[in-house]
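Q: I would like to learn how a structural model can be read feature by feature. Could we begin with the order of its elements?

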Amino acid sequence: MNAVANAPADDNRRVESAPAPCPICGKPRSPRYRPFCSKRCADVDLHRWLGGRYVIAAREEDDAPEDKGAPPEESERE
Ligand SMILES: [Zn+2]
């Protein structure tokens with residue numbers, strides 16, 4: 001008979017423990033690795049981040065030489 005009273009409470013816990021799934025694989029996230037479900041998924045996201053940053057850095061370096069019109073430091077040399 002107690003099982004009937006426990007049913008609704010258990011349902012509430014399920015909703016609270018899994019507010020949103022892991023953005024990488026869709027599994028329930030872990031509080032230790034949130035918002036991911038595991039260190040592996042956190043690593044996957046981290047590598048995506050690093051990859052994106054490297055691309056941005058390379059693009060910025062490519063733009064630098066083109067902006068060599070009037071560098072403030074060189075005007076002091078003259
Ligand atoms: Zn995951």
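A: Helices are DSSP runs of H or I with at least four residues, strands are runs of E with at least two, and both are numbered from the N terminus. Here the chain, read along its sequence, follows the pattern α-α-α, with three helices and zero strands. This is a predicted model, in which local features need pLDDT of at least 70 and side-chain atom pairs count only at pLDDT 80 or more, whereas totals for chains, interfaces and linings use all residues. Residues are numbered from 1 along each chain as its sequence is written.

Q: What is the mean pLDDT of the chain, and in which helices is confidence lowest and highest?

A: The term pLDDT denotes the predictor's confidence in each residue, from 0 to 100. For the chain the mean pLDDT is 71, and 41% of its residues reach 70 or more. Confidence is lowest in H1, at a mean of 54, and highest in H2, at 74. Where pLDDT is low, the predicted coordinates should not be read in detail.

Q: How is burial read, and what percentage of the residues in the chain is buried?

A: A residue is buried if 20 or more other C-beta atoms lie within 10 Å of its own, exposed if 12 or fewer, and partly exposed in between, the C-beta atoms being placed from the backbone. Of the 78 residues in the chain, 6% are buried.

Q: Is cysteine 22 buried or exposed, and which residues does it touch?

A: Cysteine 22, which lies in the loop between H1 and H2, counts as buried because it has 22 C-beta neighbours inside 10 Å. Two residues are in contact if their C-beta atoms, placed from the backbone, lie within 7 Å. Not counting residues up to four places away in sequence, cysteine 22 touches Lys27, Arg29, Pro35, Phe36, Cys37 and Cys41. The C-alpha atoms of cysteine 22 and alanine 42 are separated by 9.3 Å, although these residues are 20 residues apart along the chain.

Q: Why does phenylalanine 36 count as buried, and why does cysteine 41?

A: Phenylalanine 36, also placed in the loop between H1 and H2, counts as buried because 22 C-beta neighbours lie inside 10 Å. Beyond four places in sequence, phenylalanine 36 touches Cys22, Ile24, Arg29, Cys41, Ala42 and Asp45. Cysteine 41 has its place in helix H2, and this residue counts as buried because it has 20 C-beta neighbours inside 10 Å. Leaving aside neighbours within four places in sequence, cysteine 41 is in contact with Cys22, Ile24, Cys25 and Phe36.

Q: Is alanine 20 buried or exposed?

A: Alanine 20, in the loop between H1 and H2, is exposed because it has 9 other C-beta atoms within 10 Å. Its contacts, leaving aside neighbours within four places in sequence, are Arg29 and Pro35.

Q: Is the peptide bond from arginine 34 to proline 35 cis or trans?

A: Most peptide bonds are trans. The bond from arginine 34 to proline 35, however, is cis, with omega near 5 degrees, and proline 35 is placed in the loop between helix H1 (2-17) and helix H2 (39-63).
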